[in-house]
Amino acid sequence: MQTFHPQPIAWPDNAASIRAQVRSIIAAHPRHPDPAKRANSWAVADPAFSARLGAEGLIGMTWPKEYGGHARSNLERYVVLEELLAAGAPVGAHWIADRQTGGMLLRYGHETEKQRWLPGMARGAIFACIGLSEPNAGSDLASVRTQARKRGDRWIIDGQKVWTTGAHFSHLMIALVRTAEGSQRNEGLSQFVIPMDAPGVSIKPIIDLTGGHDFNEVFFDGVELPETALAGIEGEGWKQATAELSLERSGPERYLSSTALFLELLRHVGESPDPAVRQLVGRLAADMWTLRMMSATVAAKLADGEDPALEATIVKDLGNSFEQAMPGLVQATIDIDPASTTALTRVLEHLLQVAPSFSLRGGTREILKGIIARGLGLR
Amino acid sequence: MNEQQNMLSDMANGVFAELRDTPAAEAWARIEALGLPSLLIREADGGFGGSWQDALVVFRLAGHHALSTPLVEAILAAGAGTHLGFAGRGTIASRSEGRLENGRFTGTLAGVVAGPRADFVVAPLGDRSVVVDLSQARFVEETHFSGASRTVIGIDGARAAASELRIFALGAFARSAQIAGALDAALVMAVHYVNERWQFGKTLAKFQAVQQNLATFACEAAAANCAAMGAAQALDRGDGAFEVAAAKLRANQAAGIGTAIAHQAHGAIGFTHEFGLHPLTRRLWSWRSEFGGDAYWANLLGAGILARGADHFWADLAARTD
């Protein structure tokens with residue numbers, strides 16, 4: 001039994017030159033003074049940086065040129081992503097548009113919507129969020145109640161989404177809503193493209209335990225949308241939304257979120273620390289290297305047109321556990337003075353507090369393990 | 001896998017499964033007749049000229065079937081010794097003490113796999129290797145660890161040659177691949193068992209705690225398999241020093257977690273001599289320590305990374321695949 005079929009990875013021939021390009025963009029961009037902002041950096045929005053990447057052709061890289069994309073390969077894009085994350089670059093503004101929303105629009109979106117949104121996304125000027133969770137539909141996503149009713153040639157949306165990352169700076173949301181009144185579970189759901197400035201959309205921040213603002217509540221009160229806003233086939237929303245999860249779950253952001261801590265650890269301990277630290281460094285590096293192989297393998301499978309949903313789930317579960325464990329392992333091995341303001345202390349403090357979310361967002365650990373168990377034939 | 005690897009996989013799968021209950025001498029004769037020991041011998045020397053990714057296919061399956069015949073060791077030894085003029089059945093050792101002078105070795109070899117049946121052995125010497133003729137060897141002692149028998153051998157001026165290969169690292173790569181295969185096999189057994197065994201009016205598989213444990217096991221098996229593949233690819237590129245270290249360390253950790261969950265899922269029956277789980281799990285425990293335990297490889301990797309420092313870590317890692 002193999003739940004994950006490894007394969008040799010054909011890294012792009014031009015990987016080194018892509019890396020050089022990304023590194024020079026990062027070097028030229030003003031570095032955030034707070035080292036904590038280099039940890040979990042795909043949660044750090046910096047529209048100016050996104051615009052710069054867009055101008056360099058590094059957003060929407062795999063999309064067709066007619067929509068502002070650059071028709072490059074999935075693994076070239078992978079190289080760009082890992083460079084950005086390893087350096088802790090602030091990629092949060094465009095991350096979701098580039099990772100999910102663009103591809104989803106290309107696949108299911110009405111031509112009008114594609115032309116409206118995609119070129120701006122690729123320029124790094126239009127940002128997106130995902131409307132899945134609701135107050136009573138978290139892990140149990142099939143319980144969504146936000147509804148869309150047809151009135152003439154318009155759709156009317158009423159309801160509420162919650163835990164919506166980046167809604168407050170996004171220009172559009174792809175939302176999963178119920179189009180068949182009284183339908184149960186994953187039947188009768190559809191996906192819609194909702195402009196965040198449409199009348200009737202309101203956003204309320206949710207402040208996390210660090211005082212930070214990633215999450216939001218989004219309310220829809222009689223929001224009117226044209227017919228073109230329906231993405232894909234009415235009633236097929238569940239299938240469409242879950243098909244995207246391989247993209248959401250397997251990327252390098254699933255194991256590189258704590259890299260800033262690893263690098264600060266290396267800086268802090270110098271060349272010859274005691275053996276416990278040396279071994280910790282070796283262990284973390286072995287884990288990181290393995291996860292890189294696994295994540296890139298999924299990227300290669302996606303490039304080959306496969307849907308490695310199970311492999312992607314495994315990458316997220318292992319990756320989240322790794323980056324989540326790292327702050328605790330560092331804290332257990334190094335004497336940290338909480339009163340100090342060293343970079344190591346700042347990054348550690350930040351990650352200790354945000355790491356619990358790693359195994360919650362994008363599918364909880366329990367949900368992921370349930371999916372893997374199904375893949376094993378246990379349920 | 002390419003077409004050649006598919007054929008290799010089919011052949012190895014078939015023969016390894018049949019050999020489970022075959023007497024040792026007969027098993028070796030069958031394997032030799034198929035030409036498997038010459039997998040890594042260069043074509044110019046009459047071998048198969050296989051790559052490390054080809055070797056991964058065979059090593060992994062040897063682990064998967066808990067193969068008793070020391071084929072993995074014979075393949076590595078033949079790859080190192082044939083072009084240096086050592087013929088017959090080779091094996092490997094995990095340690096040596098002694099000196100090589102004028103084509104003669106004097107000293108001790110330890111952790112020799114199936115020593116009494118081998119014609120020559122490849123052992124680590126310094127950070128490279130020595131190939132030693134065993135025709136006049138003195139068997140000093142037999143050691144055991146988790147069911148694996150190894151020998152200590154005394155050598156007094158036997159014919160020997162230096163090899164540029166790093167057999168300790170290649171042994172670690174082989175064990176990583178075997179761990180990957182054995183974990184997959186133990187996972188299959190565990191899944192099968194919990195689907196068959198009824199308690200409290202349902203199969204064990206219906207219990208969420210059991211499901212979540214086996215999902216964790218599957219993740220570990222996946223990690224070990226991907227790590228072994230990454231190491232094989234690096235060896236084929238020419239330098240697998242970092243990758244072999246990382247793969248063995250990751251496989252070691254997976255072996256620890258996987259064996260624990262495999263036994264937990266099987267309950268008491270998995271702990272019996274009669275049941276077929278222990279040929280896998282006992283080998284896994286042995287392989288975890290052989291050719292470098294966790295601390296050994298973690299120290300080595302850690303020291304290398306610390307010496308280069310934070311500013312080089314990522315660039316170094318990425319450059320290894322560019």
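Predicted model: local features only at pLDDT ≥ 70, side-chain atom pairs only at ≥ 80, totals over all residues.
Residues are numbered from 1 along each chain as its sequence is written.

**Chain A, domains 2 and 3**
- Chain A splits into domain 1 (15–127), domain 2 (130–235) and domain 3 (241–375), with bounds from an automatic or database domain assignment.
- Eight residues of domain 2 of chain A and seven of domain 3 of chain A make the contact (heavy atoms within 4.5 Å).
- Together these two domains bury about 700 Å², 55% of it from carbon and sulfur atoms; buried area is the accessible area (1.4 Å probe) that two parts lose on being put together, summed over both.
- A:Ser139, A:Gln191 and A:Thr210 supply 47% of what domain 2 of chain A buries against domain 3 of chain A.
- There's one salt bridge between the two (a side-chain nitrogen of Lys or Arg within 4 Å of a carboxyl oxygen of Asp or Glu).
- A:Arg361 forms a salt bridge with A:Asp214, with closest N and O atoms 3.8 Å apart.

**Chain B, domains 1 and 2**
- Chain B has domain 1 (3–163) and domain 2 (167–319), and their centres, taken over C-alpha atoms, sit 23 Å apart.
- Here 28 residues of domain 1 of chain B touch 31 of domain 2 of chain B.
- About 2400 Å² is buried between them, 65% of it on carbon and sulfur atoms.
- B:Trp52, B:Leu56 and B:Arg60 supply 25% of domain 1's share.
- Three salt bridges cross this interface; B:Glu290 also forms a salt bridge with B:Arg150, at 2.6 Å between the closest N and O atoms.

Notes: Chains lettered and ligands numbered in written order. Heavy atoms only, no water.
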